[in-house]
Each structure stands twice: as structure tokens, then as C-alpha cells.
Amino acid sequence: MYLILMKHEELKSHENVIQNLQYIERSLLNNTYKEQSAILSLIVAETFELIRNMKVFYEVPYSSGNHTNHFYTFSLMAKQEKSKLLADMEEVQRELSIKNTNVKRVLVLIKGMLETNLYKDHVQASLDKWKNTTNFTTKYQLIYV
């Protein structure tokens with residue numbers, strides 16, 4: 001039951017981050033970001049905290065209890081993607097706080113985050129490549145970062 005609640009919380013945080021990024025993107029595209037600078041700074045700070053506290057879940061396939069060495073690799077890969085997401089949000093925050101905002105750069109960062117499902121697609125693509133080379137049936141272990 002606790003695990004279901006945690007996944008629900010992660011989905012809720014994930015959706016909030018997506019909505020915040022879309023709001024920032026619309027503000028930049030509509031060229032209203034200067035008038036909304038105070039609101040955008042609050043939204044970016046909130047989004048950064050949401051990402052930092054967000055637990056990201058992945059179902060990692062394995063064949064038996066003796067063949068779980070790859071869990072660590074996928075865990076590190078997920079941490080790397082979360083760190084990249086945090087770094088990109090920090091760059092968005094920095095760009096929006098300076099006088100001459102590089103709007104194109106911020107839009108590229110936000111578009112990259114949105115198109116890759118907050119960089120979760122990179123890890124999922126690697127998980128999808130995993131092949132069971134044993135005679136055991138494939139099982140799944142839930143890991144989170």
C-alpha cells in the first residue's frame with residue numbers, strides 16, 4: 001500500500017513539474033515573461049524543489065536473485081538523469097533572473113525536458129534494451145531514485 005501511495009505522489013509531482021514547465025514555456029512564447037518575472041521566479045523555484053524531492057520509479061527486469069548486478073547501473077543512470085534535470089532547471093532559473101534573458105536557450109531546455117518526459121525516457125529506453133539470456137523467467141523489481 002505504501003508503494004502505491006509513493007507512486008501516486010511521484011505522478012502528482014511529475015504532473016506539477018510538467019504544468020509548471022508548460023506555463024513557463026507559454027510565457028516565453030507569448031513574450032510576457034518580463035511582466036511575469038516575479039511569478040516565473042516563484043514557479044521556477046517551486047519546480048526546482050519539486051524535482052529535488054521527487055522520487056522517480058522504474059521497473060527493472062531481472063531473471064533471478066543472482067542476476068541483479070545491473071540494478072546498480074540503472075540506479076546510477078536514473079540519478080544521472082535526475083541530476084541533469086536539476087542542472088537544467090538551475091540554468092532556466094539563472095537565465096530568467098538576468099536582465100537579458102536568452103529566451104531561445106530557455107525554450108530549448110524546457111522543450112528538451114518536456115519531450116523526454118523529464119529525461120525519464122533515456123533510462124526507460126535502456127531498460128527496454130535489456131534481454132534475458134538465462135532460462136529463468138523475467139521478473140521485475142521496482143527501483144526509485
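Contact here means heavy atoms within 4.5 Å of each other. The model is predicted, so local features need pLDDT of at least 70 and side-chain atom pairs count only at pLDDT 80 or more, while totals for chains, interfaces and linings use all residues. Residues are numbered from 1 along each chain as its sequence is written, and side-chain values use heavy atoms, with hydrogens and water left out.

Q: What makes up the chain, read along the sequence?
A: The pattern is α-α-β-α-α-α-β, with 5 helices and 2 strands in the chain. These elements are DSSP runs numbered from the N terminus: helices are H or I over at least four residues, strands are E over at least two. Along its principal axes, the C-alpha trace spans about 60 × 30 × 20 Å.

Q: Why is Lys120 called buried?
A: Its relative accessibility is 16%, and buried means under 20% relative accessible area (exposed is over 50%, partly exposed in between, with a 1.4 Å probe and protein chains only). Lys120 therefore counts as buried. You will find Lys120 in helix H5, residues 120-129. Beyond its neighbours within four places in sequence, Lys120 touches Glu10, His14, Val56, Phe57 and Tyr58.

Q: Why does Lys82 count as buried?
A: The relative accessible area of Lys82 is 14%, so this lysine is buried. Lys82 belongs to helix H3, residues 70-97. Not counting residues up to four places away in sequence, its contacts are Ile51, Arg52, Met54 and Val145.

Q: How do you know whether H2 and H3 are roughly parallel or antiparallel?
A: Helix H2 (residues 37-53) packs with H3 at an angle of about 170°, their axes lying 10 Å apart. Axes are lines fitted to C-alpha atoms over the stretch in contact, and angles run from 0 to 180 degrees between N-to-C directions. Under 35 degrees counts as roughly parallel, over 145 as roughly antiparallel, 65 to 115 as roughly perpendicular and the rest as oblique. H2 and H3 are therefore roughly antiparallel.

Q: Which residues of H2 and H3 meet?
A: From H2 come Val44, Ala45, Thr47, Phe48, Ile51 and Arg52; their partners in H3 include Lys82, Leu85, Leu86 and Met89.

Q: Why is the pair of Tyr62 and Phe71 called edge-to-face?
A: The structure holds 1 aromatic pair. The ring centres of Tyr62 and Phe71 are 5.5 Å apart and the planes meet at 85°, so the pair is edge-to-face. Rings of Phe, Tyr and Trp (its six-membered ring) pair if their centres lie within 6.5 Å; planes under 30 degrees apart are stacked, over 60 edge-to-face and the rest tilted. Both Tyr62 and Phe71 are buried.

Q: Why is Asn31 called exposed?
A: At 54% relative accessibility, Asn31 counts as exposed. Asn31 sits in the loop between helix H1 (2-29) and H2. Its phi is near 60°, a positive value in a residue other than glycine.

Q: Why is Asn117 classed as partly exposed?
A: The relative accessible area of Asn117 is 26%, so Asn117 is partly exposed. Asn117 lies in the loop between helix H4 (103-115) and H5, with a positive phi near 55°.
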